[in-house]
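User: Hi! Could you walk me through this model, starting with the ligand site and then the helix packing?

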Amino acid sequence: MTPEGSLLAAEGLRKAYGPTPALDGADFSIHPGEVVAVMGPSGSGKSTLLHCLAGIIRPDSGTVRYGPHTLTDLSDTHRSALRRTDFGFVFQFGQLVPELTCLENVALPLRLNATRRKAAEHRARDWLERLEVDDVAAKRPGEISGGQGQRVAVARALAPQPRVVFADEPTGALDSLNGERVLTLLTDAARDTSAAVVLVTHEARVAAYADREIVVRDGRVKDMAGRI
Ligand SMILES: Nc1ncnc2c1ncn2[C@@H]1O[C@H](COP(=O)(O)OP(=O)(O)OP(=O)(O)O)[C@@H](O)[C@H]1O
Ligand SMILES: [Mg+2]
């Protein structure tokens, strides 16, 4: 089990790429419904931390617990299944499937979780409306703007009602007004559904949307008071 009511908790994560340590004993935990901003300089290990927490990569050592599961001990198959049902992802680039319409993109994770087509498309449309991009439902990602694409990606991450949303610089490609709007929609929708959000960002302004901020420096996690 995770410590003291947390939903997801990591302890002593280490991950090296050749001689370069990307994570060097990182600890992290998040509660249900909590929004945590992950800050820190480029190359400090933010994305690596997020990928370890989400079970996308396996750390060299350390543990990640999610509810009753120890993610770091699960088989790849079991971890992918859990990712599909419980986690949502928003990345900076290349996240939508270019051959599918925006509606089909949002419906895709629902379909993968065995939701019937009609119901999946109905729910996908609701989420596109909520993110104020229902007007691009029938278009393909190549035919919409970067900001619209980010909103569609947020709709796709939230539609299956994940317990944890992982967002890595979700507004990196947007101007500040659009970026702020997308973040408000993301954090509001997450709070409405009690999803926890791990939000990697470079911008202090973005971190203002979080309940708590942490800083990653040289592969270790500090809270804002500077303690390790
Ligand atoms: N696949 C990889 N192969 C080799 N080295 C990697 C790989 N991914 C990350 N690294 C290295 O690990 C360290 C941490 O990288 P990471 O991507 O986690 O940083 P980051 O904090 O997300 O940076 P940014 O803010 O630029 O996205 C860096 O030194 C990086 O060069
Ligand atoms: Mg990164």
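User: Happy to dig in: which helix gives the most to the shell around ligand 1?

Analyst: A word on ground rules: this is a predicted model, in which local features need pLDDT of at least 70, side-chain atom pairs count only at pLDDT 80 or more, and totals for chains, interfaces and linings use all residues. Residues are numbered from 1 along each chain as its sequence is written, while chains are lettered from A and ligands numbered from 1 in the order in which they are written. Strand S2 (20–30) and helix H1 (46–53) each supply at least two residues of the shell; helices (H or I, at least four residues) and strands (E, at least two) are DSSP runs, numbered from the N terminus. With three residues, the top contributor is H1.

User: How many charged residues does the shell around ligand 1 have?

Analyst: The residues around ligand 1 are Tyr17, Thr20, Ala22, Gly40, Ser42, Gly43, Ser44, Gly45, Lys46, Ser47 and Thr48, counted as near if the C-beta atom, placed from the backbone, lies within 6 Å of the molecule. Ala, Val, Leu, Ile, Met, Phe, Trp, Tyr, Cys and Pro count as nonpolar, Asp, Glu, Lys and Arg as charged, and the others, Gly among them, as polar. The shell therefore splits into two nonpolar, eight polar and, for the charged class, one.

User: Nice. Are H3 and H5 roughly parallel or roughly antiparallel?

Analyst: Helix H3 (residues 102–112) and helix H5 (residues 146–158) pack at about 25°, with their axes 7 Å apart. Axes are lines fitted to C-alpha atoms, for helices over the stretch in contact, and angles run from 0 to 180 degrees between N-to-C directions. Angles under 35 degrees count as roughly parallel, over 145 as roughly antiparallel, 65 to 115 as roughly perpendicular and the rest as oblique. That makes H3 and H5 roughly parallel.

User: And what is H3 relative to H4, oblique or roughly parallel?

Analyst: The axes of H3 and helix H4 (residues 117–130) come within 8 Å and cross at roughly 125°. This angle makes H3, relative to H4, oblique.

User: How many charged residues are in the contact of H3 with H4?

Analyst: Residues are in contact if their C-beta atoms, placed from the backbone, lie within 7 Å. H3 contributes Cys102, Leu103, Val106, Ala107, Leu110 and Arg111, and H4 contributes Arg117, Ala120, Glu121, Arg123, Ala124, Arg125, Trp127 and Leu128. By class there are nine nonpolar, no polar and, as charged residues, five.

User: Which residues of H6 does H5 meet?

Analyst: H5 and helix H6 (residues 176–192) have axes that come within 10 Å and cross at roughly 10°, so they are roughly parallel to each other. From H5, Gly147, Gln150, Arg151, Val154 and Leu158 meet, in H6, Asn178, Val182, Leu185, Leu186 and Ala189.

Conventions: Two residues are in contact if their C-beta atoms, placed from the backbone, lie within 7 Å.
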